[in-house]
Amino acid sequence: MGSTNSTLLKIPNVEVLMQETGFSPAHIIRLHDRFKALDKEGRGYLCPQDFGAIKELAMNPIGDRIIGAFFSPGKETVDFHTFVKILAHFRPVDKDRPKEPNSLEPINSRSNKLKFAFQLYDQDKDGKISRDELLKVLRAMLGMQVTEEQLESIADRTIQEADLDRDDAISFEEFRKSLEKVNIDHKMSIRFLR
Amino acid sequence: MAFLQQFALLLTLLIIFSTSCKAAALEVDSVEVGHNYSSKSSVTSTSTDNSTGGDGHAPSAISTLPIVIWKWHHVETPYLVALWILTCWLCKLVCELNHSVTSVIPESGLLIILGFVLGGIVWGADKAQTFKLIPTNFFYYLLPQIVLDASYCMPNKLFFSNLGAILVHAIIGTCWNAGTVGIALWACYEGGAMGTLNIGPLQFLLFGALLSAVDPVAVIAVFEEVHVNEVLYILVFGESLLNDGVTVVLYNVFDAFVSLGGPKINAAEIIKGIISFFVVAFGGSFLGVVFAVLISMLTRITKNVQVIEAGFIIVLGYLSYLTAEMLSLSAILSITFCGVCCQKYINANMDEKSVTTLRYTLKVMANGSETMIFVFLGVSAIDRNIWVWNTGFILLTVFFVVVFRFMGVFFLNWILNQSRLIPIDILDQFIMAYGGLRGAVAYGLAAILDEKKIPEKNLMLGTTLIVVYFTVILQGITMKPLVQWLKVKKATHSDLTLNGKINNRTFEHTLTAMEDICGRMGDNWWTRHWNHFEDKYVCWLLMKSDARKHKDPIFGAFHKLNLEDATKYVSEGERKGSLAFIRNDDNASVDFKKKLALEYGDIIPDMSEYDFGIDNVPVTSVMKNTIPSVSLDIHEQDRKSMPNDLSAHHLLDQHLYKSRRHNRPTYSRSHYNTSESPDEMQEIFQRTMRSRLESFKSTKMGVNPSKKLSKHPKKDSTHKPNRKPADPHRTYPYGDEDFEFSADSVSSSEIAGNFPRRSPNAPGAGVDNPAFIPEMDTSPPMRNPPWQTETANNTAVAPSQRAQGRLPWTPTNLRHLAPLRMSTHSTDSFAMADASVDDKAPEEKPGTHHTRL
């Protein structure tokens with residue numbers, strides 16, 4: 001218990017962080033250990049290269065996008081707080097936790113989870129998934145299995161499915177609508193972050 | 001009215017029955033449903049033969065030549081079996097006649113009640129119960145197909161993702177039920193609640209073990225009607241299926257203990273018992289997996305014996321059951337895992353038709369034997385011998401069975417919920433516990449109890465029957481209102497969307513990435529690595545090479561959606577009167593057809609031959625998969641796909657080339673449909689050639705590559721035959737998608753570019769890539785559908801070039817075809833829009849396709 005506290009104390013503003021993310025001290029410590037392990041040079045922040053060093057992540061077809069999601073535009077580093085906050089998106093929703101009336105929407109709410117997914121597509125941050133953006137993701141995920149024409153038609157069709165205002169792009173609202181029936185809480189949660 | 005009908009049917013049924021009964025009266029001692037041809041029955045029948053007289057064998061010494069002889073005894077056993085099967089199925093028919101009754105009482109309960117009636121009649125005729133469910137028949141002839149069907153239709157993904165919870169319930173839950181019921185009953189007995197009985201503690205445990213079997217048959221029958229949500233369904237279903245296996249194992253262990261006798265049991269024996277439990281259970285499962293591998297590998301090479309392809313699965317599945325039985329491993333677990341593991345690979349390996357056949361055959365067998373089991377559960381009850389009444393024993397058993405089931409389920413779920421991502425909520429837990437219906441397995445096990453070892457066998461048998469009736473009838477009846485009243489989450493049917501599929505994939509990738517970043521092995525890690533392993537090794541081993549392609553789910557979804565669109569498109573056209581537009585406007589028809597060919601070409605090898613007449617419509621079977629993932633009800637699947645089938649039928653029937661042969665009834669034992677006669681092939685070939693010659697002439701007469709619309713119909717007809725050679729080539733090697741699409745884009749780019757034709761009589765004419773040509777020469781003479789030849793002469797409507805070129809690979813256009821804007825004369829707008837595109841098309845497109853090739 002003593003070591004727990006001492007580790008926690010080393011992290012600045014840990015109370016606020018726990019409040020915001022809803023993580024338990026055990027989680028924070030585990031994530032902190034991981035953070036330190038990734039941060040090989042002990043700089044206190046992570047660079048995209050640090051993420052790139054994770055072997056499995058390099059194999060992930062959309063790995064670079066996910067790494068990108070950790071870095072806010074223009075910044076080349078991510079500190080522990082941001083790191084934890086990003087991961088907090090994937091904490092399962094807990095129903096029994098009492099909801100404080102004046103608190104902000106928790107990071108792991110449905111719409112935040114969706115936003116995270118949305119920005120993986122929307123690389124130019126214009127609030128819309130354009131055909132090209134979708135195509136790039138599809139190309140990465142389907143890879144060699146289908147031809148370019150098939151990819152294009154899949155992309156066309158996908159956009160058409162979700163596109164309500166006929167602007168050939170998927171806005172966040174449309175994105176959310178298209179996933180209305182999907183159990184996002186289930187699909188965008190990691191069990192061990194509970 | 002319905003009641004009258006029902007009554008009439010029941011009456012006929014009874015008449016049939018009683019006649020057979022009279023004929024068989026006194027002769028049959030142990031003839032049973034199933035196929036037991038026991039020597040005993042033949043012995044008894046010969047001995048009683050003389051007394052009944054009249055209908056016996058022909059006399060050995062004959063004085064004159066008999067014209068016909070009454071030979072009842074030759075056919076007696078199979079005849080009775082068949083009659084009983086018929087009777088049971090008629091019972092089901094009677095049950096289903098009136099839906100207002102089945103909506104209240106589940107079918108299984110009704111069948112049992114009808115069984116009471118039939119049993120009463122037999123009793124009335126014979127004054128003894130001559131027919132009852134014999135365990136051998138039940139375990140060897142009735143149960144296997146039910147389990148095989150259930151496991152083969154198991155929603156695989158759901159099953160494996162909940163396997164942990166299912167195993168916990170099936171193994172620990174079953175042991176808990178067996179142990180607690182046995183011990184509690186024994187305690188009550190010691191406390192004096194049931195008077196004096198000759199039952200020891202071990203016998204009580206044995207009894208508890210046989211009562212712990214939650215019966216899949218009863219459970220599925222009830223849950224299927226209620227449509228509960230997926231997770232609940234799979235938990236109960238999976239549990240009941242596996243738990244049967246566990247029960248039998250447990251039963252055998254306790255049975256061995258009972259035979260050993262109390263004093264001989266020491267720690268070593270108990271440990272042996274536990275080891276044997278695990279060896280039997282896991283050994284059986286492993287054997288099932290081995291058989292699954294065998295089956296999958298076999299289906300890789302059964303292409304040439306398509307007719308009996310489906311039979312292999314059934315026979316091998318049954319063999320896995322028997323082999324496990326022979327090795328004294330758990331047979332039920334063996335056949336369960338066999339079905340669950342092989343379904344994916346055999347569905348990919350086998351022809352669509354065989355898959356359908358297999359599915360239906362299994363359904364027929366499973367439903368049939370299920371019906372018989374329930375009826376016989378009722379019939380068996382009408383037997384004075386088995387009813388030894390002991391109020392305390394019976395009531396306490398029913399009470400403990402229900403109570404401990406509830407306790408076990410709630411406790412195990414509480415433990416599971418500690419680590420589950422989505423906790424099982426309390427209502428689901430309640431329904432799970434309430435769904436613990438006992439069925440025929442319990443009865444079968446009770447019936448094989450050895451009377452020498454267990455003096456109170458009949459009491460146990462009777463009590464088991466009462467527990468079965470109590471759970472199946474009472475709990476079954478109350479289940480549906482309870483689900484509605486408690487507002488248990490029902491199954492939601494969500495539409496298939498590309499967005500959903502694609503985002504699912506993204507979510508999966510995101511989650512695995514996050515797990516990697518966190519540096520922990522979560523569920524997704526396992527899933528991913530299994531998938532990787534499966535792709536690399538398992539599929540390589542178990543799947544045909546061509547089945548391995550085209551299995552990307554996103555593309556599959558895309559494909560399926562396109563099919564739906566195609567059907568909608570057609571039905572839209574039909575609603576407007578006829579599908580004539582498809583013929584008149586070659587624009588629409590060609591593209592539509594091309595589209596079909598393109599898409600089906602992936603799946604159906606003989607698509608390119610264009611010979612689907614009415615008796616060979618593979619397309620329909622492609623569409624059958626619009627079913628909710630967890631439904632086992634094959635009728636439901638039917639109902640859903642019927643409209644699709646119908647319209648597809650209609651379309652193909654009307655507009656594709658019809659073989660003239662199919663009007664003549666042909667019969668072949670080993671083939672579904674005979675191929676066309678050479679004459680016909682010749683004719684098609686000639687027609688094709690004529691049309692090509694025609695178009696060749698027109699091209700040769702100095703048709704320079706202009707973009708004037710008036711020329712297009714001719715060009716259309718020229719390029720179409722050109723595309724044809726690509727088709728057989730495309731589908732025979734069967735697989736390289738790049739190739740298919742580029743082959744198509746060759747033609748489409750040519751359309752756009754108006755390339756002058758080469759000699760059209762050469763088989764590979766018009767195909768730019770010389771790589772095509774060698775294959776073409778060996779390919780059979782091309783058959784050209786008549787509508788294509790028609791288009792050569794049809795100059796009424798000029799199609800738009802651009803639309804022509806684009807349509808095959810843009811589904812969006814097909815989607816928008818639905819309003820049928822193009823069906824009349826609206827090509828102008830296309831022509832205007834396309835003029836500019838045509839200019840650049842020839843330069844870039846051939847280039848792209850070459851690189852792809």
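Analyst: Buried area is the accessible area (1.4 Å probe) that two parts lose on being put together, summed over both. This is a predicted model, where local features need pLDDT of at least 70, side-chain atom pairs count only at pLDDT 80 or more, and totals for chains, interfaces and linings use all residues. Residues are numbered from 1 along each chain as its sequence is written, chains are lettered from A and ligands numbered from 1 in written order, and side-chain values use heavy atoms, without hydrogens and water.

User: How much area do chain B and chain A bury between them, and which three residues of chain B supply more of its share than any other three?

Analyst: The two chains bury about 5,000 Å², with 64% of it on carbon and sulfur atoms. B:Leu421, B:Phe507 and B:Ile517 supply 15% of the area that chain B buries against chain A. By contact (heavy atoms within 4.5 Å), 52 residues of chain B touch 52 residues of chain A.

User: What makes B:Asp565 and A:Arg157 a salt bridge?

Analyst: The rule asks for a side-chain nitrogen of Lys or Arg within 4 Å of a carboxyl oxygen of Asp or Glu. For B:Asp565 and A:Arg157 the closest N and O atoms are 2.5 Å apart, so the pair qualifies.

User: Why are H6(A) and H8(A) called oblique?

Analyst: Helix H6 (residues 63-70) and helix H8 (residues 110-121) of chain A pack at about 120 degrees, their axes 9 Å apart. Angles under 35 degrees count as roughly parallel, over 145 as roughly antiparallel, 65 to 115 as roughly perpendicular and the rest as oblique. The two helices are therefore oblique to each other.

Note on methods:
Axes fitted to C-alpha atoms, helices over the stretch in contact; angles between N-to-C directions. Helix = DSSP H or I, 4+ residues; strand = E, 2+ residues; numbered from the N terminus.
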